[in-house]
Amino acid sequence: MAGLTAGYYLQRKHKIALFEKSERIGGNAYSHRTPDGKVLDIAVAAFGHAGYKNFYALLKELDIPTAPMQDSYMSFHDLDSQEGLYLTLSPRSALFQDRKLLRPANLQSLAKLFIGLQRAQHRLAKGALKGVTLGRCLEELPEFSGDAKVIFLSALCLLSSMEVHELWASPAEFFLDKLRTHHDVISPKAVYSVRCVRDGTRRYVNALAARYRKEIRFNARISSVERGADGAVLVMENGARETFDAVVFACNPDQALALLPTPTALEQELLGAWRYKDGRVVVHRDHGAFPPRELIEAYTFLYRVRDGKMETSVSGSLWHEPQAAKDCDYLSTQHPNFPIRKELVELDTVLRTPLFDFGSVATIPRLPRLNDQGGTFYCGSYFGYGLHEDAVTSAQAVAARLGCGP
């Protein structure tokens, strides 16, 4: 998203070329076409108005409409007990539950969640969470237990693509600040505030690239980026060399660092602090481990808690996307923790996502200092909370430095 956005602005005044390592553009904005012709978003799909100011402004500029999720929110299903908490919005799903959501125990869990969030945000505002892990923060707040803890950790897995054990050791300050900014995710506001792009993410991916599509080099194999007084030279794996006045790194920071033969001390420090993981994503039609379809919400978390430790997968039910057909039965599962029948798998792939730990998070305020060192610039979602908004905002900042701001 960062590279596409930077290209969109830079092409207004500059001749540009975009080098894409794979055979498609979009990164984690991944629209997949199924054999029956359906085009579905298997990763990034929904955006809350509260924290996506620049992204929604860009959609407006591109004249791209959005739509609410189709009467759906989140479900939490225990793989061991085969029971759960299903936050349904549609009348049909509510009727299927037969008012189970309104049981006192469920209402108490939701009340504990919001009280716990309020207390955690109070500690954040007081500056009491510096150096504190998220796990320790939760242990010190008794409200985060049972279903309240499951909801909280599951939502953060969705927002970060990290697993529970990784979140447990991460900075509480970072993730609570993220929830303070994106305050319509774990909130009733999600009913009207969280929206999808009509026709899927491919709509804005294609719109951003439309004016420079002929300048996109797919399956590009860059060996290194050499910097000198006359600009930056891209050296390809086959030995070809191409000189540019400036180069924008819109890839992951570890990938950018690996391309630099002589990184500066600042680049080594800031880019070198980041670790990424290859998260498995499976698009499939195997509903065997899930609750009944009426209880499979837009995001369904299949979890288990053993010896006090929780693990969960994150599944998007793709029939809730605005462009999906009513008979769609595809699920997209990240970090699957249940068996999936091979004959029902449509796509099995990996997506790279950052790990937000104390080392990487500490670099975020200083990352803009990397720009304009020897004609190289940087942008990406890692400049903030790891979301589209951060990718767009950092790309706009780079474009502005090169005379092409929004």
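This is a predicted model: local features need pLDDT of at least 70, side-chain atom pairs count only at pLDDT 80 or more; totals for chains, interfaces and linings use all residues.
Residues are numbered from 1 along each chain as its sequence is written, and side-chain values use heavy atoms, with hydrogens and water left out.

Asn106 belongs to helix 4, residues 104-125; helices (H or I, at least four residues) and strands (E, at least two) are DSSP runs, numbered from the N terminus. With a relative accessibility of 12%, Asn106 counts as buried, because buried means under 20% relative accessible area, exposed over 50% and partly exposed in between, using a 1.4 Å probe and protein chains only. Leaving aside residues up to four places away in sequence, Asn106 touches Leu85, Lys100, Leu101 and Asp147, contact meaning heavy atoms within 4.5 Å.

Let us turn to the helix pair. Helix 1 (residues 2-10) and helix 10 (residues 202-209) pack at about 35°, their axes 8 Å apart; the axes are lines fitted to C-alpha atoms, for helices over the stretch in contact, and angles run from 0 to 180 degrees between N-to-C directions. From helix 1, Leu4, Thr5 and Tyr8 meet Val205, Leu208 and Ala209 of helix 10.

Next comes the sheet, which is open and has three strands in the order 10-11-12 with antiparallel pairing; two strands pair if DSSP finds at least two bridges between them. At its edges are strand 10 (222-228) and strand 12 (241-244), each pairing on one side only. Six bridges join strand 10 to strand 11, residues 231-236, and Glu226 stands opposite Val233 in strand 11.

Which residues have a positive phi although they are not glycine? Ser161, in the loop between helix 6 (146-160) and helix 7 (164-168), has a phi near 65°, and Asp372, in the loop between helix 13 (358-361) and strand 19 (376-378), has a phi of about 70°. Ser161 is buried at 14% relative accessible area, whereas Asp372, at 46%, is partly exposed.
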